[in-house]
Amino acid sequence: MAASSVVRGEDAFKKVFKFYKRKSPPPDFSDVTDFSKGLPSDKIVPAVLDLSAVSDSEAARAGLQPVKSWRAFGLQGYPGFIFISNPFLRGSQPFWIRQCLKTYPQKPNVCNLDMHMSLSDTQDIWGQSVHGLSSSPSGKREPKTLLERLRWVTLGYHYNWDTKTYSANHHTPLPADLHLLSVQITAACGFPGFSAQAGILNYYRHDSSLGIHVDESELDHSRPLLSFSFGQSAIFLLGGVRREDPPTAMYMHSGDVMVMSGQSRLFYHAVPRIIPGPQGQTALEMEGCCMAFSSQDSTLGGVLSEEDWVLCTRYIQSSRLNVTVRQVLGPGQRFPETPSPRQKTDASQAGERRSRRCDSVETSET
Ligand code: OGA
Ligand code: MN
């Protein structure tokens, strides 16, 4: 079966998801859109950006290239979907990777390990993983480090996976650097005034996937949803409002940014597969973004230590990081005091639609 031969019909999304998830024989990837190749395609159209919304120096503060240099695309049939092919300055991705691995999992942020472990045990995930991750393979199976068992982290308004809601009473400050990055991307994409209120970080191993879902727990869907990819590449599937709509498959490489707005904001999507590069190389290394570069970087929060970068490199040799940033409330909007019956119904529907979300990203061992 070629992915493109899937006909409209019952749960066409699931068919395509299974096609790309299959281990053996490996699927044919020839239908997968690759924005980084800039291949001529009748589906890919240039996206119009607001070049005056972010100055070059503001962009550099978030580790981004000048907006005029970004390669931003839309996809025919997906209104509001914008794909920006790695807009980061050379050498700035290591900073964001370090934030995802070392900084954002720290308290008061919440992670999957907190569900099973005491606060003191998850206090220093990075520190406790340094030895295990950095030691050279001894041949015998070592117990997994906390970093290897990390599956998700939530920021800002913390997401409740059971009720599928964000709650007013469980909020911690969203990291200022991630807020700045998100505000700049959204402003350039024509959404001034975006407020980054919640973040969900996904940590994918080489065999992880993310089930078919729609992100609709946010209370204002007129605001875009942002997604950043770092580390190993992956296949992303973007469908429509119905499971019968066959999705388009595309590669997400390290540094790629997606903006889901307008109608696409509520489209089904999923990540069926991580595609490890040759010997775990990432697009990041292939483009020559090596240690020498990263340690010289001074645009963001200072220099990355060599020890930090060695550990980050080791981690992303087999893993992918995904950061999604969401505005939960519209301007002036508040959380409802108590859910009305209608909101309860919406929440349970959202739960149903997102129920496969953590199937594989969060493994049973955590
Ligand atoms: C999500 C999501 C996609 C990805 O976290 O809701 O859709 O690329 N992530 O990992
Ligand atoms: Mn999603």
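The donors of the manganese ion (ligand 2) are spaced along the chain as H-x1-D-x53-H. In this predicted model, the ion is coordinated by H213 (NE2), D215 (OD) and H269 (NE2), at 2.0 to 2.2 Å. The protein chain has 366 residues, with ten helices and 14 strands.

**Metal site**
- D215 and H269 link distant parts of the chain, being 54 residues apart.
- D215 sits in the loop between β8 (210-213) and β9 (225-231), whereas H269 belongs to strand β13 (residues 269-275).
- Both D215 and H269 are buried.

**Cavities**
- Three cavities of 30 Å³ or more turn up in a search of the whole structure.
- The largest cavity holds about 120 Å³ of space.
- Its lining consists of 18 residues, and S227, F236, H269, N322 and T324 are the ones nearest the centre. H269 is also one of the residues that coordinate the manganese ion (ligand 2).
- Two or more lining residues come from each of β7 (198-204), β8, β9, β12 (257-260), β13 and β14 (320-326).
- Strand β14 gives the largest share of this lining, with four residues.
- By class, the lining of the largest cavity has eight nonpolar, six polar and four charged residues.

**Chain as a whole**
- Of the residues in the protein chain, 54% count as buried.
- The chain exposes about 16000 Å², and carbon and sulfur atoms supply 53% of that area.
- Among contacts between residues at least 6 apart in sequence, 80% join residues at least 24 apart.

**Backbone exceptions**
- Most peptide bonds are trans, and most residues other than glycine have a negative phi.
- The S24 to P25 peptide bond is cis, with omega near -5 degrees. P25 is in the loop between α1 (12-21) and β1 (44-46).
- A cis peptide bond also runs from K107 to P108, with omega near 15 degrees. The loop between α3 (93-103) and β4 (110-111) contains P108.
- N86 is not a glycine, yet its phi is positive, at about 35 degrees. This residue lies in the loop between β3 (81-85) and α3. N86 counts as buried because its relative accessible area is 12%, under the 20% cut-off.
- K164 is not a glycine either, and its phi is positive at about 60 degrees. Its place is the loop between β5 (152-160) and β6 (165-171). With a relative accessible area of 14%, K164 is buried.

Key: Residues numbered from 1 in each chain as written. Chains lettered and ligands numbered in written order. Predicted model: local features only at pLDDT ≥ 70, side-chain atom pairs only at ≥ 80, totals over all residues. Heavy atoms only, no water. Buried < 20%, exposed > 50% of the residue type's maximum accessible area, 1.4 Å probe, protein only. Contact = heavy atoms within 4.5 Å. Areas by Shrake-Rupley, 256 points an atom, 1.4 Å probe, with all protein chains shown as cover. Donors = N, O, S within 2.8 Å, 3.2 Å for Na, K, Ca; no water. 1 Å grid on protein atoms, 1.4 Å probe; cavity = no way out; pocket = protein on both sides within 12 Å on 5 of 7 lines; lining within 4 Å. Points joined across faces, edges and corners; volume = space filled by probe spheres on them. Nonpolar A, V, L, I, M, F, W, Y, C, P; charged D, E, K, R; others polar.
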